[in-house]
Every structure is written in structure tokens, then in C-alpha cells.
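Open the model in your viewer and keep the sequence panel beside it. This tour tells you what to select at each stop and what is there.

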Amino acid sequence: MLIVSACSQAKPGPVPQPTPARPEQCATAVDTVPEPPRTLEVVLGVVALPTQKVLQANDVGQPGELFAKQGLVVKADAEVELAVGDGVVGARLEWNGVATTGPVTHHVPCVGQTGWRAYAGGFYVAEPSCLPIMVRAGSGEQTVRIAVGVAC
């Protein structure tokens with residue numbers, strides 16, 4: 001009886017938090033620009049994404065896996081999280097210095113830097129799709145659609 005009582009009074013563990021970006025992320029940017037390219041849509045004032053074009057989805061040699069190369073452009077002093085929409089199977093995000101491969105990526109501010117930082121990478125999908133991407137920054141949240149291999 002004592003064991004059951006002790007188990008029933010156990011406190012819940014800590015709530016898992018998103019894995020932060022690697023510390024070297026600011027140094028791994030492939031470019032710094034004063035403004036993002038006009039071909040990208042600025043979302044929540046901190047990240048520029050390709051919402052108006054269809055990205056080419058290329059076979060990467062793994063069954064059921066395609067890759068659409070597209071750099072990520074983030075305001076240097078911003079903290080932003082990108083996540084593949086709920087219910088999407090087989091999709092993930094990857095940008096050098098910003099995230100390990102997964103459905104969520106987290107960019108931390110590059111303290112003391114200005115302008116916009118560009119990172120190489122892109123979107124992985126199981127099949128051509130209109131990929132919903134949730135963008136979170138500050139108290140804002142917005143879902144955008146990225147056309148990977150097929151129009152949205």
C-alpha cells in the first residue's frame with residue numbers, strides 16, 4: 001500500500017521545450033543582407049519565405065523522400081520558430097546552423113547583429129505537397145503555405 005501511495009503522489013515531470021538552435025548558428029549563415037529578397041514574403045516581420053512560387057521537389061535517392069532547396073532568411077536579432085503543420089506526415093525542415101532535421105526549427109537571435117541572415121537548406125516531403133508551415137515569433141503566430149513540387 002505504501003508503494004501505491006508514493007506513486008500516486010508523484011509530481012509530473014518538466015514540460016519538454018523546443019530544442020534551441022546550435023550556438024554556432026549565427027556564424028554558419030551563408031550571407032547577410034540588409035533586406036530579404038523581394039521574391040520572398042516577410043512573415044511576422046522576422047522571416048522571409050517563398051509563399052508565391054512552386055519549389056522544385058527533387059528525388060534524394062531515398063524511397064518516399066523529396067527535397068526542395070530553399071534558403072531561410074531570418075532577421076538577425078529575431079527569435080522565430082517554424083513548424084510543419086499538424087497532421088503532415090513525412091515532412092521536415094533543415095537549414096544549416098538553424099536546425100537539426102525535424103518538423104520544428106528554432107532560430108535564436110544573433111545578439112548585436114543587424115540585417116537579415118541567410119541559411120542554406122530547404123524542405124523535405126514524402127510527396128509533392130502544399131506544405132503548411134506555422135511561424136511563431138514574439139506573441140504572433142501565422143500559418144503559411146509552401147508549394148513543394150505542386151501549386152497550393
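**A histidine and a tyrosine**

Select H107 and Y119: the side chain of H107 makes a polar contact with the side chain of Y119, at 3.4 Å. A polar contact is a pair of N or O atoms within 3.5 Å; within protein, one must be able to donate a hydrogen and the other to accept it, and residues adjacent in sequence count only if both atoms are side-chain atoms. This is a predicted model, in which local features need pLDDT of at least 70 and side-chain atom pairs count only at pLDDT 80 or more, while totals for chains, interfaces and linings use all residues. Residues are numbered from 1 along each chain as its sequence is written, and side-chain values use heavy atoms, with hydrogens and water left out.

Stay on H107, which is found in strand β10. Is H107 buried or exposed? H107 counts as buried, because its relative accessibility is 1%. Buried means under 20% relative accessible area, exposed over 50%, and partly exposed in between (1.4 Å probe, protein chains only).

**The open sheet**

Now colour by secondary structure. The protein chain has 1 helix and 14 strands. Helices (H or I, at least four residues) and strands (E, at least two) are DSSP runs, numbered from the N terminus.

Select β4, β14, β13, β8 and β10: in that order they make an open sheet of 5 strands with mixed pairing. Its edge strands, β4 (54–55) and β10 (104–107), each pair on one side only. Two strands pair if DSSP finds at least two bridges between them. Strand β8 (residues 80–84) is joined to β10 by 4 bridges, and the two run antiparallel. Pick L82 and look across to β10, where T105 stands opposite.

**A hairpin and its next neighbour**

Move to strand β5 (residues 58–59), which pairs with β6 in the antiparallel sense over 2 bridges. D59 has L66 in β6 as its bridge partner. Between β5 and β6, which form a hairpin, there are 6 residues; G61 in the turn has a positive phi of about 90 degrees.

Which strand comes next to β6? β12 pairs with β6, again in the antiparallel sense, over 4 bridges. F67 stands opposite Y124 in β12.

**Two pairs of rings**

Show the aromatic side chains. A search of the whole structure finds 2 aromatic pairs. The rings of F67 and Y124 have centres 4.6 Å apart and planes at 45 degrees, so this pair is tilted. Rings of Phe, Tyr and Trp (its six-membered ring) pair if their centres lie within 6.5 Å; planes under 30 degrees apart count as stacked, over 60 as edge-to-face and the rest as tilted. The pair links distant parts of the chain, with F67 in strand β6 (residues 66–69) and Y124 in strand β12 (residues 121–125), 57 residues apart. Both F67 and Y124 are buried.

Next select W95 and F123. Their ring centres are 5.4 Å apart and their planes at 90 degrees, so the pair is edge-to-face. W95 is in strand β9 (residues 92–95) and F123 is in strand β12, 28 residues apart, so this pair too links distant parts of the chain. W95 is buried, with a relative accessible area of 1%, and F123 counts as buried at 1% relative accessibility.

**The whole chain**

Finally, zoom out. Of the 152 residues of the protein chain, 41% count as buried.
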